[in-house]
Amino acid sequence: IDECKELSCGQDEPIIRFPFQLVNESSQDQCLYPEFCLYCTTIHGYNETMVSLPTTSGPIKFLVEKIDYESNQILVWDPEKCMATKFLKLTTSSFLPYRFSPVSETTEYSFFDCSSLSSSKYDQSQNRITCPIYGSNSNHSVFTWNLASCIKMFDINLPIMAPDLTNNLLDLSWLEQNCTVCEAKGMECKWKNNGTKGETECFGCYKKRKTILPKSLIYSATGSILLGLILIALFKIFLYFRKKEEDQIRVDKFLEDYRAQKPARFSYADLKRITNGFKEKLGEGAHGTVFKGKLSTEILVAVKMLNGTQGEGKEFINEVGIMGKIHHINVVRLIGFCADGIHRALVYNLFSNGSLQSFIFSPDNKDHFLGWEKLQQIGIGIAKGIEYLHQGCNHPIIHFDINPHNVLLDDSFTPKISDFGLAKLCSKNLSVVSMTAAKGTFGYMAPEVLSRNFGNVSLKSDIYSYGMLLLEMVGGRKNIETSSAENFNVLYPEWIHNLLEGDVHIHIENEVDFKIAKKLAIVGLWCIQWQPINRPSIKAVVQMLETRDDSQLIVPPNPFQSTTSMTTNEKTTLARRTFQMEIIQE
Ligand SMILES: Nc1ncnc2c1ncn2[C@@H]1O[C@H](COP(=O)(O)OP(=O)(O)OP(=O)(O)O)[C@@H](O)[C@H]1O
């Protein structure tokens, strides 16, 4: 827009901007604020800037010599070379928004009437009086200007700056126009078109100001940018190599961890060192002796030295093969193994509390009984371990030897299933397993493992063993000791049935505890159903144990119901008969 252009009447003429407005001399009606309207004219072939001040005693024209927008001052020159006359006019009329530029000290001015002088003498170029009225600073000598023929009119003291009256120059100030609102918006002011006089409006000039930067600044800016780019590049290179290094560390760590998942192989000499010469014996099982060992100050281990008389070591290979693949919180982790000549050993984490067997006590035995809450947690833990073996691995694993000896307890009594010597890997969808020999621990073995008359060997065989373990935990006695070796399997569950019917008295005061005991017993009874098909899956077992709604738990049919009128001896005979059914060899 026009207001944004830098206007002037010529090369050396003052720049015209707000509050001034440049108009054509002929079209003064465009003037929005006449006192601030400037126009261009030519005098003696020179471009000049003119202002016409509309005073009360008529308009007075001046040439504009200089405009100082900082101090709001305008220096004007009288083209008629009669500044004294115009000065007197101005002193006697209002010429707002201008005023004389004030000074701190008053100055005395003397005025002379020189109208009697011939016009030829009004020649300033020859130091002659140029006007009928002459005004001068009183200090000036009257002889300088040949004032002898003039009549002194008067002297006045004015606190204004008019030292150049004789030079036709006059300094005027204009009242500052309020432009703060526009400036606050980063815009500029102009007189409002069609508005009342003095009304302003804002406008924006978006032209780019041409700025010439010093060379040193350009060099230092370029240098800084280059330095910045080099630093960024170096930082990126550093990040790249650090990321690469981190990746390598991650891969190494992964490989290390991956290797750690596999059981390590120990020599016999290693085991001797680890166990401090097989010094501390933890226990003894059918397949070997277990010793305490130390891998490091933090890792304590149990080293199970297998009996050397174990033929081709099939069970050993089996256990290493299976254990190396499985990792679950409720399954013992195999740390390593030893196959060094005739020596074979398995190395596990050490579980300070030993096997569950040593924690099965009657609730009446207040000193040793673990409490029903803890028993329930242990029961659930074992079930989850079995669930992992049955359903969580690549191939379902049947343990075949779930019993309290093969459940170890860590510091916080988390159960860990161990002893995989008899475990068997099954193909994924096969729930029926071929068995060439019935093996396991007497008392926990499912009937079908013993005799094919009871059905096929399957995952349900572990459920049976688990059921017996649960019932043993509830009864607080070791089932194989219940009665004679012949009737243990029959009498014990019957005892539990009687417990559920309230016949056999176990002292449980607490309602919550009673519910837990009842739940464990009911689940145990379902697990030891004679027909594998009637036993729940391990998933269902976990669900039943974890349910809070025990109203859903139904006591399974009592396989001994029809014999309620029999004496214990008669039941034992029946049971023996049942057990004496023919074992079908595969
Ligand atoms: N990792 C272990 N941490 C602590 N004690 C253990 C560990 N492994 C075994 N034991 C102890 O050693 C005993 C013997 O264990 P082992 O597994 O050899 O025999 P078992 O399970 O009792 O019998 P079998 O080997 O005939 O099944 C256990 O009863 C237990 O007290």
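1. Helices (H or I, at least four residues) and strands (E, at least two) are taken here as DSSP runs, numbered from the N terminus. Lys304 lies in strand β16. The model is predicted: local features need pLDDT of at least 70, side-chain atom pairs count only at pLDDT 80 or more, and totals for chains, interfaces and linings use all residues. Residue numbers start from 1 along each chain as its sequence is written.

2. The protein chain contains twelve helices and 24 strands. Two residues are in contact if their C-beta atoms, placed from the backbone, lie within 7 Å. Among contacts with a separation of 6 or more, 62% join residues 24 or more positions apart.

3. The ligand is surrounded by 20 residues, the closest being Gly283, Gly285, Ala286, Ala302 and His405; a residue is near the ligand if its C-beta atom, placed from the backbone, lies within 6 Å of it. Two or more residues of this shell come from each of β14 (281–284), β15 (288–294) and β16 (300–306). The largest contribution, three residues, is from β14.

4. UniProt, in an unreviewed entry, places the feature "binding site" at Lys304; such annotations may be inferred rather than shown by experiment, and positions follow the numbering used here, with shortened feature names. Lys304 counts as buried because it has 27 C-beta neighbours inside 10 Å. Apart from neighbours within four places in sequence, Lys304 is in contact with Gly288, Val290, Ala345 and Leu346.

5. The unreviewed UniProt entry also lists residues 217–241 as "transmembrane region". In the model this segment is 100% helix and 0% strand, with its end C-alpha atoms 36 Å apart.

6. In helix α11 (residues 538–546), the residues Ile538, Val541 and Leu545 are buried. They lie on the same side of α11 because they cover an arc of only 50° around the axis, the arc being that of the directions from the helix axis to the C-beta atoms. An α-helix has 3.6 residues a turn, so residues three or four places apart point the same way. The buried residues of α11 pack against α6 (372–392), α8 (460–475) and α10 (511–527).

7. The buried residues of α10 include Ile516, Lys519, Leu520, Trp526 and Cys527. The 17 residues of α10 should span 24 Å at 1.5 Å a residue, and this agrees with the 24 Å between its end C-alpha atoms; the expected span is 1.5 Å times one less than the number of residues.

Note on methods:
A residue is buried if 20 or more other C-beta atoms lie within 10 Å of its own, exposed if 12 or fewer, and partly exposed in between; C-beta atoms are placed from the backbone.
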